[in-house]
Amino acid sequence: MSATNDHYAQPLAVMLTSLLKNNKTNNSIHIFILHGDLSDINIKKLARVTEKFHATVTFLKVDVQLFEGFVLSTGGQKYISKEAYYRIIIPDLLSEDISKALYLDCDMIVRTDISELWETNIDKFDLAAVDESRVMTGLDRQIRMNRLSLPSEAYYFNSGLLLMNLKRWREKKISSELIQFIKTNPEKLALLDQDALNAVFYNRWLRLDDKWNFTTAHSTMLPLEKSAIIHFTGPEKPWNSENPFKIKYLRYLKASLWEKPL
């Protein structure tokens, strides 16, 4: 699963190329792409990426009116788009016979086969994600916990990668719970859906190994060799700056055939 717009279509093609190129299993892979109004040309280009690796793709158009009035990025977080909210309604968009989903942000590169991640048992959890609080400064962590009224000892995950237990989400009506929180607490949402998810799930999620969502913050404290999925968090991306992972990004961009005419 991923969500995109035309601005992030190319990074999504790169992420999907890295994901599918590193798949070492014979399992069928079904990609679902959430969008509000993706252009026909970008739909065709993304479909070409998945076809190249014999994966199935479904484009799910989201009713953007569902998010009318939701707070959007301000200040230094303007790189976060409204599409970030789409992931909270994934259980409602997929068939009820699909009980588990893996959501990945567009601004990622997958460096290994992710079967181990997919097979993680989350039967007793609403979701699994990577803790980001341990690579925050003490002050930043305290500010986030205070803003979301969370216990100081709570963990805080990055929502760029979510292994979701859709069965539990549907049974507990979690999407509705999240939407209600977002509507009634806009002043708390400096990081949009990520803050809402952490507020609602603070004691209901499973912590994954850092390697599955190796963010820019992780890279300042841990060796790159540890990473299985690199996440280009923050405003500086490989396509708009001299990001330290730019070479890796460009390598997968070439393999995606994005710039080749249809």
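**Close-up views of a predicted model**

The protein has ten helices and nine strands. The model is predicted.

View 1. Along the principal axes, the C-alpha atoms fill a box of roughly 50 × 40 × 35 Å. Of the 262 residues, 54% count as buried.

**View 2. Leu192, a non-glycine residue with positive phi.** Leu192 sits in the loop between helix H7 (174-184) and helix H8 (193-201). Its phi is near 50°. Is Leu192 buried or exposed? Leu192 has 0% relative accessibility, so it counts as buried; the cut-off is under 20%.

**View 3. Leu257, with a positive phi although it is not a glycine.** The phi of Leu257 is about 65°. Leu257 is placed in the segment after helix H10 (246-256). Its relative accessible area is 31%. That value falls between the limits of 20% and 50%, so Leu257 is partly exposed.

**View 4. A patch of positive charge on the surface.** Which residues gather here? They are Lys21, Lys24, Lys52 and Lys260. One of them, Lys24, lies in the loop between helix H1 (9-21) and strand S2 (30-35). Lys24 has a relative accessible area of 65%. Exposed means over 50%, so Lys24 counts as exposed.

Notes
Residues numbered from 1 in each chain as written. Predicted model: local features only at pLDDT ≥ 70, side-chain atom pairs only at ≥ 80, totals over all residues. Heavy atoms only, no water. Helix = DSSP H or I, 4+ residues; strand = E, 2+ residues; numbered from the N terminus. Buried < 20%, exposed > 50% of the residue type's maximum accessible area, 1.4 Å probe, protein only. Patch = residues over 30% accessible without salt bridge, like charges linked within 9 Å, V, L, I, M, F, W, Y side chains within 5 Å. Areas by Shrake-Rupley, 256 points an atom, 1.4 Å probe, with all protein chains shown as cover. Salt bridge = Lys/Arg side-chain N within 4 Å of Asp/Glu carboxyl O. Lys, Arg positive; Asp, Glu negative; His and termini not counted. Charge placed at Lys NZ, Arg CZ, Asp CG, Glu CD.
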